[in-house]
Structure formats: C-alpha cells, structure tokens
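Please open the model in a viewer and keep the selection tool at hand.

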Amino acid sequence: MFPVHRPRRLRTHPQLRRMVRETVLTTNDLIYPLFAVPGEGIAKEVKSMPGVYQLSVNKIVEEAKAVYDLGIPAIILFGIPADKDVDATGAWHDCGIVQKAATAVKEAVPDLIVIADTCLCEYTSHGHCGYLQVGDLTGRVLNDPTLELLKKTAVSQAKAGADIIAPSGMMDGFVQAIRQGLDEAGFEDTPILSYAAKYASAYYGPFRDAAESTPQFGDRRTYQMDPGNAREAIKEIELDIAEGADMLMVKPALAYMDIIWRVKEASNLPVAAYNVSGEYSMIKAAALNGWIDEKRVVMETLTSFKRAGADLILTYHAKDAARWLLE
C-alpha cells in the first residue's frame, strides 16, 4: 500500500515548482484596452469598472507610455465620439476619435502595437453594430450594407497608424470585406484579429457603460453567438480563416474556456481571449469588499486562459498583472 509515486515531491520548494510549471504567464501575453473620448485632460473613471477610465487623447498617450514601460506589447483602442448618427460617421471619419488616438500613440510610442477595435456600436445613434431597416426596433442589423461601413472604418484606422485591425461586429463576411478594403488601399501587410467567436453575453454590461454603447432597443442576439453553442464557434473560425483572418479571438473568456480550447485545437492561428468587463468588475468588486485576494485571483484567472490555449489575453488587469509579474 506504500505509495510508489509521490507527485508532492515536485511541489516541495518554490523554485522547484517554477522549474516544472507547465503554463507560464508573461507580459508578452497581455493587451490593454483603452477608451478614447474627445476633449483635453479628461480621465473619467467608469463607475462600474473601478480603475478603468475614459481618456482624452493626451491622457491615452500617457497611458500608452506607462503600458509600454511595463513591458506590455499592445493596446486596443475603443472610441466614444462627440456625436452619433445612423451612418456611424465617427467610426470611419479620418478625424474620428480612434483615428486621432492611434496617430498620437504611434507618434509618441512607435514600438507599441496599436490594435483598433473595428465596430460601429459606439458610433451609431441606436447602439447597434451597423445599419438597421428604417423603422426597425428589433436590432436586426442589415449585414451586407454594414460590410461597406466596416471596410471604410478599417481603412481609415490603418491610415491613422493602427497596426492591427480587430473587427468585432460579427457580421457574416466581415473579414473578407475588410481584407479586400485594406489590400485595395495598400495595407496588405496589416493583419486582422477577428472577434471570430463572440457570444451574446451578459458579461458585457460594464463595457457598455465605458463605451456608451448600450442598444437603445432590442439586443444583439441576432448577430452575436448563442451561449449554448460550441460547434458553431468552430464554423465561425473556419469561415474567418478562409476569408483571411490572421488571428482569432474568443469573447468572453472566463465562461468560455472550453471554446478557447476548441478553437486552439481546430486552428493553427494565434488565439486571443478577451477577459471582458463583467469578469473584471466581479473580481474588482469582491476585492474591494475584502472577500478575495485580488492579486492571486487575477493571476490564477489569466494563467487559466493560457492553459486553455490562449496565446494573447485582452484584459483590464494588464497593468496590475505586469507589475505583479515584475515582483
């Protein structure tokens, strides 16, 4: 009955545990989201996301420098325009807020990778991700006309200096349309990080406060994925790969680690996981109440995304995680 195999032997010392660790999180894995707003000197905390701010372009640049100094290789930019309309003009205009922020960051921190979220919900007056039929109050987006808006948006973001285009609207054919638009405009070397498996999730609530993108009516379940579907995620990524995606994203991450694993197993492209706002806010709220050890829970959570197969992690915890990794 004496145990011949004692796995605990390899757990007896911190250095030994480090030596045999299977999954290692580094700052190279992290991408930090930032929210750009018009104005000067603005840093407005998002009430439902403690530690996350809406920032004017000059403050975005300050954050970008801090992110780069921590060793985080990339940011992703979201924009809140001064005005919204049915044509999502602020998304694709050369003077759009994301375009201004991308240009400013690349001038100030040229080696920091700038990813542009390529969606329309922050810019439309109704809060949906594209054109709607006149009089439609259900939120059923017109797919093909919206592709033209996404193509224009991607090209304008690339012209402004964005290194990576990240379409998130879950329109059918959006990768192909954006790839065609980028190539025709001379940006054939600009990669596409597709939100390939984006679920219609309740975890997005705090983000909609940050991005001011809550739909005015209806919901997004006619174009974002049903949370009960896993095989459909593989269908979505296969379509995006065929259309020219260079990287794939699963969103959300925490409740969809099985999807991260399936996507990683089914493709040979880099896989990103978006540790979304609701996941962040739950940890922050529990930590602020003294119910959990924030550092340990954050690091365990981020490591679990890597263990599930994520190569990249978009997370609002990125700066804290980078500091903890340096300790």
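Throughout this tour, contact means heavy atoms within 4.5 Å. The model is predicted, so local features need pLDDT of at least 70 and side-chain atom pairs count only at pLDDT 80 or more, whereas totals for chains, interfaces and linings use all residues. Residues are numbered from 1 along each chain as its sequence is written, and side-chain values use heavy atoms, with hydrogens and water left out.

**First stop: T190**

Select T190, in the loop between α6 (174-184) and β7 (193-198). Helices (H or I, at least four residues) and strands (E, at least two) are DSSP runs, numbered from the N terminus. T190 is buried, with a relative accessible area of 9%; buried means under 20% relative accessible area, exposed over 50%, and partly exposed in between (1.4 Å probe, protein chains only). Apart from neighbours within four places in sequence, T190 is in contact with A162, D163, I164, I165, R179, L182 and D246.

**Second stop: the cysteines**

Which residues does UniProt list for "binding site"? The unreviewed entry gives C119, C121 and C129; UniProt positions are in the numbering used here, feature names are shortened, and annotations may be inferred rather than shown by experiment.

Now select C121, which lies in the loop between β5 (113-118) and α5 (143-160). C121 is buried because its relative accessible area is 6%. Residues up to four places away in sequence aside, C121 touches G127, H128, C129, S213 and R220.

Move on to C129, also found in the loop between β5 and α5. Its relative accessible area is 1%, so C129 is buried. Beyond residues up to four places away in sequence, C129 touches C119, L120, C121, V141, T146, G169, M171, R220 and Y223.

Select N143 in helix α5. The N143 side chain makes a polar contact with the side chain of D144 (3.0 Å). A polar contact is a pair of N or O atoms within 3.5 Å; within protein, one must be able to donate a hydrogen and the other to accept it, and residues adjacent in sequence count only if both atoms are side-chain atoms. Neighbours within four places in sequence aside, N143 is in contact with M171 and D172.

**Last stop: the nonpolar cores**

A nonpolar core is a set of buried Ala, Val, Leu, Ile, Met, Phe, Trp, Tyr and Cys residues joined through side-chain atoms within 4.5 Å. Select I75, L77 and I259, which touch the most other members among the 83 residues of the largest nonpolar core. A second, separate core of 28 residues includes M49, F78, I164 and L193.
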